[in-house]
Amino acid sequence: MSKLASTAELENLRRALLDKRDPGEPCITICSGTGCHAYGCEKVADAFRKEIIKKKLSRKVKLRTTGCHGFCERGPLVVIYPKKIFYQRVKIEDVSEIISETIIKENLVERLLYVDPNTKEKIIYEDDVPFYKKQQRLIFGNNGVIDPTCIEDYLMAGGYRALAKILNGISPETVIDTVKNANLRGRGGGGFPAGVKWESCRKAKGDVRYVICNADEGDPGAYMDRSLLEGNPHSVLEGMIIGAYAIGSNQGYVYVRNEYPLAVHNLTIAIKQAERYGLLGTNILGSDFAFKVKIGRGGGAFVCGESSALMASLEGSVGEPRAKHIHTVESGLWDKPTNLNNVETWANVPLIINKGAGWYNQIGTEGSKGTKIFSLVGKVNNTGLVEVPMGITLREVIYDIGGGIPGGRKFKAVQTGGPSGGCIPEQYLDLPVDFDRLSEVGSMMGSGGMIVMDERNCMVDVAKYFLNFLKDESCGKCTSCREGTERMHEILVDITEGRGKDLDIELLEELGEVVAETSLCALGGTAPNPVLSTIRYFREEYETHIKDKRCPAGVCKELTRYVVDRENCVGCGRCKVVCPSQAITGKKKKPHKINQKKCVKCGACFENCKFNAVKIA
Amino acid sequence: MVKLRIDGKEIEAKEGTMLIEAAREVGAVIPSLCYNEELPPYGACRLCLVEVKRGKQSRITTSCNYPVMEGIEVSTTSEKVLKYRRINMELIFARCPNSETIKEMAREMGIEKPRFSLKDDDCILCGLCVRACKEVVGVSAISFVNRGTNRWVATPFFDHSAVCIGCGSCAYVCPTQCIGMEDVGDTRRFRKWNTEFKLKACKVCGYHFAPEFQLEYMRKKANLPKDYFDTCPNCRP
């Protein structure tokens with residue numbers, strides 16, 4: 001490969017690559033995202049490689065390991081092109097059959113097909129899987145199509161076309177106007193209009209400017225930025241190059257946590273490839289524009305996702321936020337004007353440039369345009385990454401895409417916005433999801449975590465969990481954040497262990513207000529959200545813990561007692577079998593009994609009783 | 001000069017002045033623990049809170065690191081400000097219930113006993129020692145370690161810091177006197193930094209007046225004659 005000297009050369013290369021590719025040729029794609037990696041997709045891919053050689057099919061069938069497809073619940077995922085036959089939970093043992101049946105004879109391997117749990121119907125093609133059907137995968141869609149370590153794949157999918165477009169005579173100001181008109185809002189959490197930020201940075205005094213991609217995704221349960229960077233790093237790079245052109249920057253940084261080794265690996269390859277093609281470096285595509293990207297690896301502090309702390313960390317200092325009256329667009333990294341956006345925001349940019357602001361504005365709601373990737377996790381049947389248009393309701397995401405709550409249990413709440421987001425109760429299931437509406441109900445968009453909870457989740461325990469995370473992840477500079485979150489956590493521990501007192505709820509509310517109002521950065525500013533939102537919507541549950549010393553969900557061990565309802569118990573003995581501490585006694589066909597002294601409150605009896613005879617007292 | 005209003009009074013202040021200075025200048029009483037005019041502001045203790053109105057927006061901010069701005073309206077005594085200061089004070093008090101300085105300040109703000117369980121710490125993590133060591137002395141012998149509730153101030157690896165000159169600036173600026181610096185005979189000890197220094201005796205009066213290491217550091221830095229620090233400042237001609 002040699003440097004492309006003009007945008008025309010890029011188009012020639014793209015055409016040549018596409019000409020070589022036969023769209024009808026079978027191609028086996030294997031999801032190689034982090035989720036599928038955990039399921040062992042690498043070995044499955046190896047097995048395919050060997051089987052293809054063994055059957056002498058190397059010329060007839062292609063094999064491609066791709067980025068995350070999103071449907072992590074059913075991994076390892078295999079999609080066979082051109083028809084997009086969808087196989088899930090594929091094991092090494094299935095490989096030779098897939099090759100001999102599907103590739104050679106064009107038959108289906110029925111047992112690997114996805115079965116819709118609601119209709120019991122077997123689904124053959126990826127596009128018909130309900131999980132994907134309601135999604136609008138504009139940013140994430142290419143993840144399943146391209147090999148992230150192969151720039152040619154990205155080029156064949158239309159990659160760097162937006163960059164070529166702007167270098168063909170669109171001024172930086174026009175690029176900024178396009179992004180502004182598209183109403184692109186930052187996907188990292190704040191939702192600040194990206195175009196406005198770019199403009200301020202361009203206008204800021206100084207000749208050196210920096211562009212940063214924030215890939216310090218640290219919310220428990222959120223992994224969309226990771227998957228984008230792992231699965232389609234060039235889309236992020238292209239966004240950054242366009243941003244740098246618009247802002248007038250020649251140096252960019254991607255700050256990515258070192259706990260994301262695959263993302264670092266794939267991004268490193270992507271940068272090298274882009275440099276070799278002259279898409280990064282000096283005279284990009286033959287123009288006067290120069291831009292380089294370096295990777296800064298973070299040590300995994302949550303607070304380093306905060307822009308000024310991130311910049312401090314990049315400079316080599318301790319990741320601590322700094323005073324807010326100086327904007328980073330004016331004085332950021334090494335006190336130079338700096339524009340920071342998150343991974344998903346950058347990945348939106350090429351799309352907007354290619355398709356225009358008008359097109360982008362058709363997607364989403366009044367105040368929030370485009371799509372958003374959520375990581376749908378928790379008590380939901382289809383966990384995974386989902387990309388949906390802004391304004392979709394929570395119900396559609398959780399029930400239509402997520403397939404509802406497992407085990408026929410009742411939905412209780414959904415936590416959005418990461419650890420400092422809030423819990424949204426059932427009454428708001430039909431809330432359109434966008435930046436403003438989520439804030440209105442006391443939660444936030446955050447970077448897009450969505451944790452579904454059912455009736456077996458205790459909301460006080462949930463608040464305690466997040467506060468525990470936040471008190472450890474606070475940088476510790478501000479008294480209010482460091483001591484405040486610790487004290488809030490302490491009170492929550494007391495409540496969940498039966499030491500709750502009158503006025504504890506009021507004290508939590510009071511502390512929450514002070515932590516939010518008087519801490520320096522957004523970490524402290526939003527840290528009380530999990531507590532305040534659960535008090536707002538589940539106050540009764542707090543009161544039951546404090547006054548009745550009872551945990552209705554049966555989560556807080558000190559406040560939970562399992563008892564056998566003698567009326568319902570048929571004496572099947574199932575509970576006795578599953579009890580890990582031999583706390584259950586009883587004769588066959590006679591009501592059983594739980595010895596409270598021996599009981600470890602694991603809830604196995606409760607989970608396993610088919611007659612609703614084990615109750616939480 | 002910048003025009004602004006503080007507690008209803010119209011004032012003029014030099015550009016770059018921090019609100020805490022401008023407000024104290026006109027008689028406002030603003031408590032603070034991590035602020036020292038000789039050091040760059042840090043904004044850690046969150047006691048010097050004020051309410052700033054800028055156009056239609058009103059926000060609570062620390063006054064030690066918020067510069068005066070044209071046209072802003074500052075309240076140092078609004079209900080919110082006083083309440084938030086009090087609760088932050090209560091949090092500090094619960095952390096260091098045995099510090100006389102803290103007890104006194106808390107009492108002044110009407111807190112007799114914190115509502116939280118009491119810890120037994122002596123350091124409020126204001127960072128004055130860290131900043132003095134870095135900005136004034138210029139050696140950075142100590143720094144913050146860890147984060148969140150595990151944050152401390154320490155020397156590298158909690159051992160004797162090779163760059164520490166034993167000057168005691170840290171102890172001088174500490175509002176809770178928690179460094180534990182002590183001169184006994186010919187030795188200066190720092191309880192908090194697990195270290196001690198030999199003190200130099202004055203050739204004339206015999207008084208152990210400063211750590212040898214510090215004197216050598218200063219002599220080299222100022223390019224002074226070799227015997228310059230053989231005598232203490234009192235006996236120096």
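## Helix packing and chain contact in a predicted model

The exposed residues Glu173(A) and Thr174(A) sit on the face of α8(A) turned away from its buried side. Helices (H or I, at least four residues) and strands (E, at least two) are DSSP runs, numbered from the N terminus.

This is a predicted model, in which local features need pLDDT of at least 70 and side-chain atom pairs count only at pLDDT 80 or more, while totals for chains, interfaces and linings use all residues. Residues are numbered from 1 along each chain as its sequence is written, and chains are lettered from A and ligands numbered from 1 in the order in which they are written.

**Helix α8 of chain A.** This helix covers residues 172-181. Val175(A), Ile176(A), Thr178(A) and Val179(A) are its buried residues. They lie on the same side of α8(A), because their arc around the axis is only 160 degrees. The arc is taken from the directions from the helix axis to the C-beta atoms.

Contact means C-beta atoms, placed from the backbone, within 7 Å. After α8(A) comes Asn183(A), with a positive phi near 55 degrees.

**Helices α3 and α4 of chain A.** The axes of α3 (residues 41-54) and α4 (residues 95-105) come within 9 Å and cross at roughly 45 degrees. That makes α3(A) oblique to α4(A). Angles under 35 degrees count as roughly parallel, over 145 as roughly antiparallel, 65 to 115 as roughly perpendicular and the rest as oblique. From α3(A), Val44(A), Ala47(A), Phe48(A), Glu51(A) and Ile52(A) meet Val95(A), Ser96(A) and Ile99(A) of α4(A). By class, this contact has 6 nonpolar, 1 polar and 1 charged residues. Ala, Val, Leu, Ile, Met, Phe, Trp, Tyr, Cys and Pro count as nonpolar, Asp, Glu, Lys and Arg as charged, and the others, Gly among them, as polar.

**Where the chains touch.** Chain A gives 27 residues to the contact and chain B gives 24 residues. On the side of chain A that touches chain B, α19(A) has the largest share, 8 residues. That side divides into 9 nonpolar, 7 polar and 11 charged residues.

**Chain B.** This chain has 6 helices and 11 strands. Of its 237 residues, 39% are buried.

Note on methods
Axes are lines fitted to C-alpha atoms, for helices over the stretch in contact, and angles run from 0 to 180 degrees between N-to-C directions. Two residues are in contact if their C-beta atoms, placed from the backbone, lie within 7 Å. A residue is buried if 20 or more other C-beta atoms lie within 10 Å of its own, exposed if 12 or fewer, and partly exposed in between; C-beta atoms are placed from the backbone.
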